[in-house]
Amino acid sequence: MNDGIVVTALDARANFGKLLRRVEDEGRSLVIQKRGSPRAVLLSIRDYVRLAVPEPEVLRVIGKESQRKGTNKLSATQIDRIVTATRRSKRR
């Protein structure tokens, strides 16, 4: 997560759409203060998922291996073709 944006509750309410886009586009968190005290945080869904459900080690290793081999750039269609071809070859 990058540096957070701090806004008052009133500003958050008045500019929610703009702030939501900023959180999403910039991958930043938004701290909402009321009377000078932090009360809530707005996170992108990606950051929330990372915090709520940490990635198991095995998935991290698989992801790094995929990047190393360049297979992380395959499209869904390319993956489907590889799976189909592999299944055909195993039937023989």
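Helices (H or I, at least four residues) and strands (E, at least two) are DSSP runs, numbered from the N terminus. This is a predicted model, in which local features need pLDDT of at least 70, side-chain atom pairs count only at pLDDT 80 or more, and totals for chains, interfaces and linings use all residues. Residues are numbered from 1 along each chain as its sequence is written, and side-chain values use heavy atoms, with hydrogens and water left out.

View 1. A salt bridge is a side-chain nitrogen of Lys or Arg within 4 Å of a carboxyl oxygen of Asp or Glu. Arg50 is exposed at 51% relative accessible area. Asp47 is buried at 6%. Buried means under 20% relative accessible area, exposed over 50%, and partly exposed in between (1.4 Å probe, protein chains only).

**View 2. Lys69 pairs with Glu65 in helix H4.** Their side chains meet in a salt bridge of 3.8 Å, N to O. Helix H4 covers residues 57-69, and the two partners sit four residues apart, about one turn of the helix. Lys69 is exposed, at 55% relative accessibility. Glu65 is partly exposed, at 31%.

**View 3. Salt bridges that share partners join Arg22, Glu26 and Arg28 into one network.** The side chains of Arg28 and Glu26 meet at 3.2 Å, N to O. Arg28 counts as buried, with 19% relative accessibility. Glu26 counts as partly exposed, with 36%. The structure holds six salt bridges.
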